[in-house]
Amino acid sequence: MKLHELTIEKANELLKKKEITAQELTEDILNRIDECESKIGAYVTIDKEGALKSAKSTDEKADFTDPLAGIPMSAKDNICTKNLKTTCCSRMLENFVPPYDATVISKLRERNAIILGKTNMDEFAIGSSTQTSFFHTTQNPWDLSRVPGGSSGGSAAAVASDECIYALGSDTGGSVRQPASYCGVVGLKPTYGRVSRFGVASLAATMDTIGPITKNVTDCAIVLSAIAGQDSFDPTSSDIPVDNYLQKLKNDVKGLKIGIPKELLYHEAVSKDVKDAVLNAIKVYEDLECICEEISLKNAEYAMSAYLVTLAAEASSELGQYDGIRYGYRTSSDYQDLKDFYKKTRGEGFGFDVKWHIILGTYLSDEKYYDKYYLKAQKIRTIIKKDFDEAFKKYDFLITPTTPTTAFKIGESSDDPFKMHMNDLCVSIVNLAGLPAISLPCGFSKGLPVGLQIIGKAFDEAGILQVAYAFEQNNDYHTRRIKERMV
Amino acid sequence: MFIDDETISSMADVAHIFLSQEERNKIAEEFDSLQQSFETLSKLDIQEVEPTVYPITDKNVFREDTIWESLSIDEALANAPEKDKGFFLVPRIIEE
């Protein structure tokens, strides 16, 4: 196996035995990046010097007790990395260099993680294809004519092409799980509040989460263990103790009750191949002696609309901070007054999709329409939460497809906004309720990966990892990327 | 037309964003494409339901009012588009 194809677990084993060094591992992956990037474009910033310096320092410390020590990773470009450009893939922050690390990055640096660089994303995380990035579109390693998904498309593509051992993404309405599904890798959205959001550019403050994208479920458990936990810098982070995810990973799943929401699996948007792959996955769980039954999430049909309203309204507020005063893009055009200055700065600094969402959010938050749309969307959140609470009284986990289809062609959906939003059919409902969910590969359709989503109760990341691990042991879907991808 | 050009211009003014006519036309089309979504919301009668804003945590978090180390002035100004003698330089807001 080539060094860049290693998992965290396997790389750590070799580092501990001194069969490889962190520098060798990092150099191999940097060479892999050189080989791939002209075709995939997963990265927007590569810090070769910084990565090799960290690797050298980690080798000198010679302590690989921590499984993440010396392991090269990448971070989505909305996660602040001190002294390394963090742009949110927008002209607005094109040259922004953070003076501090996000908490998730600090935690990984304490464990001697090697940061290779920053990955491509939809501008300000608004999108599900990585096509709205100010810099370039990322290509899916399985089929270079297709999108990697979004908005964490760069992170997912980098893991799928072995251009890093693992990556971090952010998930507000599916942006870790959906690209993980399209790229045939594992992506986890934690419970809202499980992982600190400090230092991560905010999109929708009541739905944003940060999660790992990895090559397998064990690696996902390792990364989550490192980044989870309360943070005094994030008042929405939870004080519930962090579980031992690795210890619980191999627990038997026999007797667990799994619900299958029919409104999602049998929705008309879900393709036959995706449905068949998920139904086959359900058979695997039945063979493992889980009890699998169809259930109803009776208000699921309202989730997409409620999500869109919530996203736009909150985003229009969060993006108000970008005004050309303290940081970021500032217009060089003439202006009449302060308001004209703001309008030109923001009009020039943001891309169209971001501007459109801000206008939508401003409209939905206007006092004339507030009750009709935004307040109603928050009431739909209540009834959707109740649906999940009812389901979890009887069932331990829920299973759905991650996405209704496999990865679409670059340019295919981008001019049909409602079709784009349908990509989030099965994932955004989870963000409304704040629950944890994981996506892992469960099959293929015409050579493209299909993702299975497992949803758990709040703060039961250990449970969804356990259920995902049990499925993964029964197939090789998570390793097929090495032979079957295009690069 | 779900939303007219005047309303889009008004929203752009509130949001402090300049939009070209072409962008305003495109935004009007985007609104139209979401009409189905808005109708889905409006048909649901849930007046008596309480809204949920934060899905999981819903408590105020406080800390002791003690001074702790934050960014230096240089760090805070490092990304300033324009600065002078430890200040952000901003457009004039007071008439001469």
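A residue is called buried if 20 or more other C-beta atoms lie within 10 Å of its own, exposed if 12 or fewer, and partly exposed in between, with C-beta atoms placed from the backbone.

## Chain A overall

Chain A carries 18 helices and 11 strands. Its radius of gyration is 21 Å, close to the 23 Å that the globule rule gives for 487 residues, so chain A is as compact as a globular protein of that length. (The radius is taken over C-alpha atoms, and the rule is 2.2 Å times the number of residues to the power 0.38.) Along the principal axes, the C-alpha trace of chain A spans about 65 × 55 × 45 Å.

Buried residues make up 63% of the 487 in chain A. Of the contacts in chain A with a separation of 6 or more, 76% are between residues 24 or more positions apart. Two residues are in contact if their C-beta atoms, placed from the backbone, lie within 7 Å.

## Helices worth a look

How do α11(A) and α13(A) cross? Their axes come within 7 Å, at an angle of roughly 100°, and the two helices are therefore roughly perpendicular to each other. Axes are lines fitted to C-alpha atoms, for helices over the stretch in contact, with angles from 0 to 180 degrees between N-to-C directions; under 35 degrees counts as roughly parallel, over 145 as roughly antiparallel, 65 to 115 as roughly perpendicular and the rest as oblique. On the α11(A) side, V309(A), A312(A), A313(A), A315(A) and S316(A) take part, meeting residues of α13(A) that include H357(A), I358(A) and L360(A). By class, this contact has seven nonpolar, five polar and no charged residues. Ala, Val, Leu, Ile, Met, Phe, Trp, Tyr, Cys and Pro count as nonpolar, Asp, Glu, Lys and Arg as charged, and the others, Gly among them, as polar.

Helix α7 (residues 217–227) of chain A has nine of its 11 residues buried, so it is largely enclosed by the rest of the structure. Among the buried ones are D219(A), C220(A) and I227(A). After α7(A) comes G229(A), with a positive phi near 130°.

## Where chain A meets chain B

The contact takes 57 residues from chain A and 43 residues from chain B. Several helices of chain A supply at least two residues each, including α11 (303–318), α13 (352–365) and α14 (371–394). The most comes from α14(A), with 12 residues. By class, the chain A side has 30 nonpolar, 14 polar and 13 charged residues.

K18(A) sits in the loop between α1 (8–16) and α2 (22–40) of chain A and is exposed, with 10 other C-beta atoms within 10 Å. A125(A) lies in the loop between β3 and α5 of chain A and is buried, with 31 other C-beta atoms within 10 Å.

The loop between β3 (114–119) and α5 (153–160) of chain A also holds S151(A). The peptide bond from G150(A) to S151(A) is cis, with omega near 10°.

## Reading the numbers

Residues are numbered from 1 along each chain as its sequence is written, while chains are lettered from A and ligands numbered from 1 in the order in which they are written. Because this is a predicted model, local features need pLDDT of at least 70 and side-chain atom pairs count only at pLDDT 80 or more, while totals for chains, interfaces and linings use all residues.

Note on methods. Helix = DSSP H or I, 4+ residues; strand = E, 2+ residues; numbered from the N terminus.
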